[in-house]
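Hello,

Here is the structure I said I would pass on. My notes on it follow below.

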Amino acid sequence: MARAAYIHWLAITLLLGITCARAEQVLIAAEDDWAPYCALDKQSGQPQGLAPELVKAAFAAEGVDVEFRTIPFARCMYEARSDKVLGCFDATITEENRYQYFWHETPMFEEDLAIFALAREPRRDLKLTSLEQKTVGITLGYTYPTDFMENPRITRFQAKSDAQIIEMLVRGRVDYILMNEMPGYLKIQQKQLSGKVVKVGKISTDGFWLAFSRAHPQGEAMAKRFEEGLQKIRNNGTYEALVRAFEARLGLH
């Protein structure tokens, strides 16, 4: 009888442990205006795009459920410096923020930081040094390479969104603007400026990470678990399937 009671107690304990493990949940901040990688779906209130799909899949591989808070990027990164959220995506690593957050080793994906200009610009091979002695529009709160931000020969003008820096370019207030390539082309298309605003070069190809909070008690440990989950979905085919489905939705296949 005592043995049966012990086995019953052990079974309940194990079941509760499994239930608790399944119920493990984290709160992650997601940026709200960076389609097609991550943008707010106004109907559901949830982020949509490749990035939240990758975040959910990587954490799911570790048995962790994700709740998202979808907010502007600058606020997203600000909250990830507190303990309000576990982390924020999609962030690049710069010299300025390298020690402000915990980082997983492998970027979730990579994207070109492109130089855009009006179509009358004759060159299509511009690079960082091409921007010297020029005016360049950038988006407030976004992360840019240190060598661009600290170059004293480049005049930078900031606006609150990619849409606003496109307007600055069209109105002749700046010579060039910087946007990540695919999100930039989507914004240009939305503003019916295809063929009028074009890519004329690039600064860099950047990785994008989930920046984990150093103030959150689980920040460092979850950064490591996220990396483990990311490797699992890369190895089992989930990552490739998500990327291919994403590209198919954009008409790239």
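Subject of the notes: pocket, cavity, helix contacts and backbone

Helix H3 gives the largest share of the lining of the largest pocket, namely 3 residues. Please keep in mind throughout that this is a predicted model.

The pocket first. Its volume is about 400 Å³. The lining consists of 21 residues, and those closest to the centre of the pocket are Thr94, Glu96, Tyr142, Thr143 and Tyr144. Besides helix H3 (73–79), strand S9 (135–139) and helix H4 (146–149) each give two or more residues to this lining. Sorted by class, the lining of the pocket has 9 nonpolar, 8 polar and 4 charged residues.

How many cavities of 30 Å³ or more does a search of the whole structure find? The search finds 1. The largest cavity has a volume of about 160 Å³. Its lining is made up of 15 residues, with Trp34, Tyr142, Thr143, Asn180 and Phe208 nearest the centre. Strand S11 (176–180) and strand S12 (197–213) each supply at least two residues of the cavity lining, and S11 gives the most, with 3 residues. By class, the cavity lining has 8 nonpolar, 3 polar and 4 charged residues.

Now the helices. Two packed helices are described by the angle between their axes and the distance between the axes. Helix H2 (residues 50–60) has contacts with two partners that I looked at, H8 and H7.

With helix H8 (residues 238–249), the axis of H2 comes within 10 Å and crosses at roughly 165°. Angles over 145 degrees count as roughly antiparallel, and H2 and H8 are therefore roughly antiparallel to each other. The crossing of H2 past H8 is right-handed. On the H2 side the contact involves Leu50, Glu53, Leu54 and Ala57, which meet Thr238, Tyr239, Leu242, Val243, Phe246 and Arg249 of H8. These residues divide into 7 nonpolar, 1 polar and 2 charged.

With helix H7 (residues 219–235), the axis of H2 comes within 7 Å, and the crossing angle is roughly 100°. That makes H2 roughly perpendicular to H7. Here Leu54, Val55, Ala57, Ala58 and Phe59 of H2 meet Met222, Phe226, Gly229, Leu230 and Ile233 of H7. The residues of this contact are 9 nonpolar and 1 polar, with no charged residue.

Last, the backbone. In general, most residues other than glycine have a negative phi, and most peptide bonds are trans. Which peptide bonds are cis here? One joins Ala35 and Pro36, with omega about 5°; Pro36 sits in the loop between strand S2 (33–34) and strand S3 (38–40). Another runs from Phe89 to Asp90, with omega near 15°, and Asp90 lies in strand S6 (residues 87–91). Gln133, which is not a glycine, has a positive phi of about 70°. Gln133 belongs to the loop between strand S8 (109–118) and S9.

Regards

Technical notes. Residues numbered from 1 in each chain as written. Predicted model: local features only at pLDDT ≥ 70, side-chain atom pairs only at ≥ 80, totals over all residues. Heavy atoms only, no water. Axes fitted to C-alpha atoms, helices over the stretch in contact; angles between N-to-C directions. Helix = DSSP H or I, 4+ residues; strand = E, 2+ residues; numbered from the N terminus. Parallel < 35°, antiparallel > 145°, perpendicular 65-115°, else oblique. Left-handed = near helix turned anticlockwise from the far one by under 90°. Contact = heavy atoms within 4.5 Å. Nonpolar A, V, L, I, M, F, W, Y, C, P; charged D, E, K, R; others polar. 1 Å grid on protein atoms, 1.4 Å probe; cavity = no way out; pocket = protein on both sides within 12 Å on 5 of 7 lines; lining within 4 Å. Points joined across faces, edges and corners; volume = space filled by probe spheres on them.
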